[in-house]
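I opened my notebook to look up a few things in this structure.

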Amino acid sequence: MTFLDIRGVSKSFGNVAAVSDVSLEIARGEFMTFLGPSGSGKSTTLYMIAGFFEPTGGDIRLDGRSILAEPSNRRNIGMVFQRYTLFPHLSVAENVAFPLRVRRRSGAEVSRKVEEMLALVRLERFADRMPAQLSGGQQQRVALARALAYDPPLLLMDEPLSALDKKLREEIQAEIRRIHRETGVTILYVTHDQEEALSLSDRVALFNHGRIEQVGKGRDLYDAPHTRFVAGFVGHSN
Ligand code: ADP
Ligand code: MG
């Protein structure tokens, strides 16, 4: 049943233990959020899954196989980051086409897929625009379309909406929820915003000082916090 299996993973940078013995099992199709304060190890954990950082210890298994030996671009993992993720010199359509061209898909398939992806994020009419002609929210929707273009089974998002204003953030959150429902992609989402975590995810893993303090449904973290830190972070004052 476990699709992504994070087993006792650690990462140190010199003397700094960024991530310490983190274990977590994520089911296929699940929407899991890493929540926690700045510097708690959320991004470092995500980047080890993506293949940007090599763990100091532990193993990461995707669909039953260890992926640690595979280079980042072979892991078939879609990614969306906070900002500046589009190629500025390529049109919207060519940005979305990029991962398909790298994989040498046929011209017909590229056209079909670009159309399908732009429809998914509701930007059909923007195919020929350049990124600089789009709002921040539209750019993030293009980044989402590009990340999903080659149907990766796993999508990683690191604070993709934190540069946007509240209204736009809520709009794109709704879009992300719909895309998750429609495509069944497994999502691992990083945020320091507890409201965002609670509204988006099936489960939340709350990070603190490089460790997971508690993992469960957002509601459970709120109603039954295991530690004082969890209670404080999700908004209780006791
Ligand atoms: P978060 O995403 O939760 O804000 P990070 O995973 O980025 O936290 O950082 C966790 C800890 O690791 C922090 O103390 C941070 O300073 C440190 N860290 C992260 N990346 C690096 C790096 N490339 N070099 C040195 N230290 C790093
Ligand atoms: Mg981070």
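Before counting partners, I noted the rule: two strands pair if DSSP finds at least two bridges between them. I also noted that this is a predicted model.

**Entry: a strand pair.** I looked up β9, residues 203-208, and its partner β10. They pair in the antiparallel sense over five bridges. I then checked one position across the pair. Asn208 stands opposite Arg211 in β10.

**Entry: the six-stranded sheet.** In what order do the strands of the open sheet of six run? I read the order as β6-β7-β8-β3-β9-β10, and the pairing is mixed. The edges are β6 (77-80) and β10 (211-216), each of which pairs on one side only. Neighbouring strands here are turned by 20° against each other on average, direction ignored.

**Entry: the four-stranded sheet.** I found another open sheet, with four strands in the order β2-β1-β4-β5 and antiparallel pairing. β2 and β5 (65-66) are at its edges with a single partner strand each, so one side of each has no neighbour in the sheet. Inside this order I followed β1, residues 2-13, to β4, residues 57-62. Five bridges join these two strands, and they run antiparallel. Ser10 stands opposite Gly57 in β4.

**Entry: the ligand.** Which residues are around ligand 1? I listed Phe13, Val16, Ala18, Gly36, Ser38, Gly39, Ser40, Gly41, Lys42, Ser43, Thr44 and Phe207. I sorted this shell by class and got four nonpolar, seven polar and one charged. Then I asked which elements supply them. β2 (16-27) and α1 (42-50) each give at least two residues of the shell. The largest share, three residues, comes from α1.

**Entry: helix α1.** Why is α1 described as largely enclosed by the rest of the structure? I counted a residue as buried if 20 or more other C-beta atoms lie within 10 Å of its own. Eight of the nine residues of α1 are buried, so the helix is largely enclosed. The buried ones are Lys42, Ser43, Thr44, Thr45, Leu46, Met48, Ile49 and Ala50. After α1 comes Gly51, with a positive phi near 95°.

**Entry: two packed helices.** I looked up α2, residues 92-102, against α3, residues 107-120. They pack at an angle of about 130°, and their axes are 9 Å apart. That angle makes α2 oblique to α3. I noted the crossing of α2 and α3 as right-handed.

Definitions and conventions: Residues are numbered from 1 along each chain as its sequence is written. Chains are lettered from A and ligands numbered from 1 in the order in which they are written. This is a predicted model: local features need pLDDT of at least 70, side-chain atom pairs count only at pLDDT 80 or more; totals for chains, interfaces and linings use all residues. A residue is near a molecule or strand if its C-beta atom, placed from the backbone, lies within 6 Å of it. Ala, Val, Leu, Ile, Met, Phe, Trp, Tyr, Cys and Pro count as nonpolar, Asp, Glu, Lys and Arg as charged, and the others, Gly among them, as polar. A residue is buried if 20 or more other C-beta atoms lie within 10 Å of its own, exposed if 12 or fewer, and partly exposed in between; C-beta atoms are placed from the backbone. Axes are lines fitted to C-alpha atoms, for helices over the stretch in contact, and angles run from 0 to 180 degrees between N-to-C directions. Angles under 35 degrees count as roughly parallel, over 145 as roughly antiparallel, 65 to 115 as roughly perpendicular and the rest as oblique. A crossing is left-handed if the near helix is turned anticlockwise from the far one by less than a right angle, and right-handed if clockwise.
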